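Visitor: Could you walk me through this one? I'd like to learn how to read its features.

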Amino acid sequence: MRRLATWLVVCGLGTSVIGQSDPDVSVFSRMLGNGTRSLLVLVKGPANQPVDEIRIELPKGDAEQAVALSTPAGWKSERDGGALKLQWTVAPGYYLYRHMLKVSVDSPAKLSLAPLQLPKGEGKQDPEFGAVEIYRGQLLAHIPLAADVPLPRTLRVRYQGCADIGVCYPPQTKLVAVP
Amino acid sequence: MSAVLSRQALGALLIAVVAASGGYWVARHFQPAEPVIPEGVPRVPAANGALEGQPAPEVVVNDLDGKPRKLSEWRGRWLLVNFWATWCGPCMEEIPLLIRAQSEQGARGLQVLGVAMDESDAVRKAVREMGFNYPTLVGDEAVLTAMESLGNSLGAIPYTVLIGPDGVIRYLEMGGIDATKLQMLLNRFLPAAG
């Protein structure tokens, strides 16, 4: 049951976004700022942000149970060691660009992860960028984890999106603590 | 005689009704398509229109050479400040319009100023490839601060502000501006070409 607690609501509860001393993070993170500020933004009224929340799920060894407990029906881990899973909840009327989604290890610096695995997005013919893929609603991505590879302490998550009405929001970079 | 007049009046009325209906249909048919937003989806709030008619606050953002530039440097011109970024599709779409406006309306006192919320290298590339004919400033926090002080607390772009030669904010626009809207805006404020 402890695995149930591995859901970590980053933007919604604001307890897991690490400070903003990192220069790359401070660049565009001011709109969401720390989690508390983003919560205020969401409460204030009109959806000012394309992303309501990011969730990160960690199997931590008991991959099968973690997968069974907290992933949508039909979701399967691709490796015995499980996978690091990230979920974005995109507000109605907004979308995220696939090519702007990036996740990397922030700490420890020498640790590297497998590439982010993303589902096929919705095709969009962008007047400026041509054929691109976008995501609306729930986006669930994962990073396969080998059994013998230690978990990162902190992830750097970057994303960027726009609203259908014709405005875009700056790329957001968040440092997310891995519990 | 009155019967003839009455028939003529009826005919004129009929023509007027047909013409009005046709005009209405044409207007409906050719008006710019608005994005379809499902019920319940939040709208992007408008810019802070209360700033219109107020003196523009001083804003300092670096240019592409890293030199700090103030908005007040362009006092005396009709300054169209356009906040944009290379990652913003709607922003990139309106750049050619702004380049053309600078070229064609500069004699009327227009000065377009691009302010990019982006990385310098990406902006330099876009400026070079798209043939910008107006100055461009670039930054991150400084640009967000500038936008906030000019009425955009959302941080969303494109965002455009028209400041008069006297330094007073005349118009704020959240979202893209198409050719028709830009022309109407400039015709509303700028003096006629000499």
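**Reading the folds**

Guide: Let's start with a sheet: in chain A, five strands form an open sheet in the order β6-β7-β4-β10-β11, with antiparallel pairing. Strands here (E, at least two residues) and helices (H or I, at least four) are DSSP runs numbered from the N terminus, and two strands pair if DSSP finds at least two bridges between them. This is a predicted model, where local features need pLDDT of at least 70, side-chain atom pairs count only at pLDDT 80 or more, and totals for chains, interfaces and linings use all residues. Residues are numbered from 1 along each chain as its sequence is written, chains are lettered from A and ligands numbered from 1 in written order, and side-chain values use heavy atoms, leaving out hydrogens and water.

Visitor: Which strands stand at the edges of that sheet?

Guide: β6 (122-126) and β11 (167-168) of chain A do; each has a single partner strand, so one side of each is left without a neighbour in the sheet. Further in, two bridges join β4 (residues 94-97) to β7 (residues 130-135) of chain A, and Leu96(A) has Tyr135(A) as its bridge partner in β7(A).

Visitor: How do I read a helix? Which residues of α5(B) are buried?

Guide: An α-helix has 3.6 residues a turn, so residues three or four places apart point the same way. Buried means under 20% relative accessible area, exposed over 50%, partly exposed in between (1.4 Å probe, protein chains only). In α5 (residues 179-189) of chain B, Leu182(B), Leu185(B), Leu186(B) and Phe189(B) are buried. They cover an arc of only 90° around the axis (from the directions from the helix axis to the C-beta atoms), which puts them on the same side of α5(B). On the other side, Thr180(B), Met184(B) and Arg188(B) are exposed.

Visitor: What covers the buried residues of α5(B)?

Guide: Contact means heavy atoms within 4.5 Å. The cover includes α2 and β3 (78-84) of chain B.
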